[in-house]
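Subject: Structure for you to look at

Hello,

Here is the structure I promised. Please open it and keep it beside this email while you read.

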Amino acid sequence: MLQALYDMGPSSRVELARATGASRATIGSIVQPLINQSILEEGDLVPPDRTGGKPATKLWFSKGAKPICAVRLMHDRVHTCLVSLEGEIYAQHDVDLAKDLTDAADAFQIVSACIEKSIASAHEQVLGIGMAVAGELNPQTGSIAAMDLVPYLHGFPVKAELAKRFGVPACVDQNARALLVGDRWFGQGRGQRNFAVVYIGHSLGAALYVDGHPYRAAEGKHCQIGHTIVQLNGQMCRCGRRGCWETIATLRWLRGEAKARGLPQAGLLDASRLVWLVETGVEGARELLDDYASNISVGLANLQQLMAPSRITLHGDIVRGGKLMLDLIRESFRQLMFNPADNEIALALGDCEDVAGLRGAAGLVLCEMLNFMI
């Protein structure tokens with residue numbers, strides 16, 4: 001019933017009974033305890049239809065419900081907040097991870113201090129802690145299997161340490177998968193049966209939602225879309241192979257090309273600044289933007305033609321490029337499709353990086369605690 005409520009938004013008991021196939025009496029027996037526990041609350045009246053009957057009330061998540069603490073752990077920064085059951089984000093805190101850190105215990109102390117600041121703003125104990133990690137995870141143990149640029153965290157049992165430190169349930173997953181969960185509960189994936197999220201920034205990541213279920217490979221491995229080959233004998237990738245999509249469609253490529261083409265402050269370039277350079281008429285900026293959009297569309301077209309999701313939502317730095325960036329990606333994407341006239345494929349920009357990732361981290365807790373099928 002709660003899953004249906006998330007999918008449909010504020011709904012009456014009748015609507016929830018219709019969506020779940022349960023009787024109104026069954027829905028009522030579920031709803032009332034949740035109202036008593038301040039998890040759900042009644043809202044606007046729904047007038048009766050032409051057949052008459054009593055007016056109904058819309059149910060939605062209570063603003064007084066316990067929040068979830070959400071965490072995003074990147075290679076250089078940790079960001080924490082509280083997330084309400086309806087997806088509102090507040091009590092945000094962030095801190096940089098010093099480049100000279102070499103010890104996992106020291107890093108975890110910094111992360112914990114940031115979490116404590118957010119939790120201190122809660123009116124009562126949080127439901128749990130959800131963490132999105134920009135790295136490889138062992139789903140059985142909740143340990144960090146690998147994380148670029150911070151090798152001292154390899155093997156660190158972050159899930160167990162969070163639960164021990166804070167005494168509440170902890171859930172940990174890879175960043176792209178957290179974005180998928182965030183879109184599923186609070187974003188453009190709500191109610192969708194097939195969609196994908198793609199993260200484009202310092203690295204490339206993706207997660208898939210197929211036929212109403214998240215796709216997870218054997219042993220919990222996640223999609224390595226950045227290392228699909230798009231250029232035979234192309235540039236050398238950090239993985240040791242040539243021609244990976246990551247070599248032509250990340251900030252590293254963008255900044256390297258900007259430097260080679262003589263654009264100003266190439267080392268600080270991102271999607272937002274590149275669009276600004278285009279709009280201010282800087283020589284060479286439009287050509288670089290066109291090339292970047294084209295490079296991104298190559299991998300997206302491969303994903304679409306292999307898995308055929310009805311929607312692909314883009315996250316990460318690419319969101320800062322706005323409508324101009326999206327329009328160029330769409331144009332190149334459609335040119336690469338085998339038969340783009342078959343149906344209209346939705347390419348969209350997601351919420352800004354931290355909002356989507358933090359909501360997704362909170363969604364991990366909901367999924368585990370309430371046995372939601374994400």
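Four residues of helix α3 are buried: Ile 27, Val 31, Leu 34 and Ile 35. Buried means under 20% relative accessible area, exposed means over 50%, and partly exposed is in between (1.4 Å probe, protein chains only). Helices are DSSP runs of H or I with at least four residues, strands are runs of E with at least two, and both are numbered from the N terminus. Seen down the axis of α3, the buried residues fall within an arc of 100°, so they line one face of the helix. The arc is taken from the directions between the helix axis and the C-beta atoms. An α-helix has 3.6 residues a turn, so residues three or four places apart point the same way. On the other side of α3, Ala 25 and Asn 36 are exposed.

This is a predicted model: local features need pLDDT of at least 70, side-chain atom pairs count only at pLDDT 80 or more, and totals for chains, interfaces and linings use all residues. Residues are numbered from 1 along each chain as its sequence is written, and side-chain values use heavy atoms, with hydrogens and water left out.

Back to α3. The helix covers residues 24-36. Just after α3, Ser 38 takes a positive phi of about 60°.

Ser 62 sits in the loop between β2 (56-61) and β3 (68-73). Is Ser 62 buried or exposed? Ser 62 is buried, with a relative accessible area of 11%. Beyond its neighbours within four places in sequence, Ser 62 is in contact (heavy atoms within 4.5 Å) with Ser 38, Ile 39, Leu 40 and Glu 41.

Next, Asn 295. This residue is in helix α9 (residues 285-307). Asn 295 is buried, at a relative accessible area of 15%. Neighbours within four places aside, Asn 295 is in contact with Trp 245, Ile 248, Ala 249 and Trp 253.

Last, the largest pocket. A pocket is an open set of points on a 1 Å grid over the protein atoms alone, where a 1.4 Å probe fits, with protein on both sides within 12 Å along at least five of seven lines; lining residues have an atom within 4 Å of a point. The largest pocket has 46 lining residues, and His 75, Asp 148, Gly 201, His 202 and Ser 203 lie nearest its centre. Helix α7 gives the largest share of this lining, 6 residues.

Best wishes

Note on methods
Expected span 1.5 Å × (residues − 1).
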